[in-house]
Amino acid sequence: MKTKKQPNILLTGTPGVGKTTLGKELAQRTGLTYVNIGDLAQEGQLFDGYDDEYQCPILDEDRVVDELDEKMSEGGVIVDYHGCDLFPERWFDIVFVLRTDNTQLYTRLEARGYTGKKLQDNVQCEIFQTIYEEAMEAYSKEIVHQLPSNTPEDMEHNLEQIVHWTEQWMKDHN
């Protein structure tokens, strides 16, 4: 396997915590490639049915992994998705789990049109740290980090931290 010149980063967390905003801005500042798994699945029709309860398509995880595998082995990719245990551990050099205050998350999801069970389940997912625990089980604990994502200041601080980490990684590996 060839050596990557740039790191792969996973941004994960409950829907509504700010992964997409952070990921797009991070890609601009670092030159890494931003991949939103929802968009990738939509473009390639990487679905395996439809979930009537949550009113959304069901991701075909195997096809998503196959679609991305070569790109991930080259490095330099920021992956944005609300799940994390479907991705191979070897893909990522660091995993950031964004966390948001429940009241704020509720408001953000409501503004997106989430209602009923979908809204409640996503807020509960955040309360119970479901994504963080998933990440801790799926990846080496040393590479999993939680970041607060409540305010524009949090976002800016997170960007600075991740840009600094990325620059350091490239110095250490090139």
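User: Which residues is Thr14 in contact with, leaving aside its neighbours within four places in sequence?

Analyst: Contact means heavy atoms within 4.5 Å. By that rule, and apart from neighbours within four places in sequence, Thr14 is in contact with Lys19, Leu105, Asn122, Cys125, Glu126 and Ile131. This is a predicted model, in which local features need pLDDT of at least 70 and side-chain atom pairs count only at pLDDT 80 or more, while totals for chains, interfaces and linings use all residues. Residues are numbered from 1 along each chain as its sequence is written, and side-chain values use heavy atoms, with hydrogens and water left out.

User: Is Thr14 buried or exposed?

Analyst: Buried means under 20% relative accessible area, exposed over 50%, and partly exposed in between (1.4 Å probe, protein chains only). Thr14 has 1% relative accessibility, so it counts as buried.

User: With which side chain does the side chain of Thr14 make a polar contact?

Analyst: A polar contact is a pair of N or O atoms within 3.5 Å; within protein, one must be able to donate a hydrogen and the other to accept it, and residues adjacent in sequence count only if both atoms are side-chain atoms. Here the partner is the side chain of Glu126, at 2.7 Å.

User: In what order do the strands of the sheet lie?

Analyst: Helices (H or I, at least four residues) and strands (E, at least two) are DSSP runs, numbered from the N terminus. Two strands pair if DSSP finds at least two bridges between them. In this model 5 strands form an open sheet with parallel pairing, in the order β2-β5-β1-β6-β7. Its edge strands, β2 (33–36) and β7 (144–148), each pair on one side only. Strand β1 (residues 9–12) is joined to β5 (residues 77–80) by 3 bridges, and Ile9 stands opposite Ile78 in β5.

User: How many aromatic pairs does the structure hold?

Analyst: Rings of Phe, Tyr and Trp (its six-membered ring) pair if their centres lie within 6.5 Å; planes under 30 degrees apart count as stacked, over 60 as edge-to-face and the rest as tilted. The structure holds 5 such pairs. In one of them, the rings of Trp91 and Phe92 have centres 6.1 Å apart and planes at 75°, so this pair is edge-to-face. Trp91 is buried, with a relative accessible area of 2%, and Phe92 also counts as buried, at 5%. Ring pairs link Tyr81, Phe87, Trp91, Phe92 and Tyr139 into a cluster.
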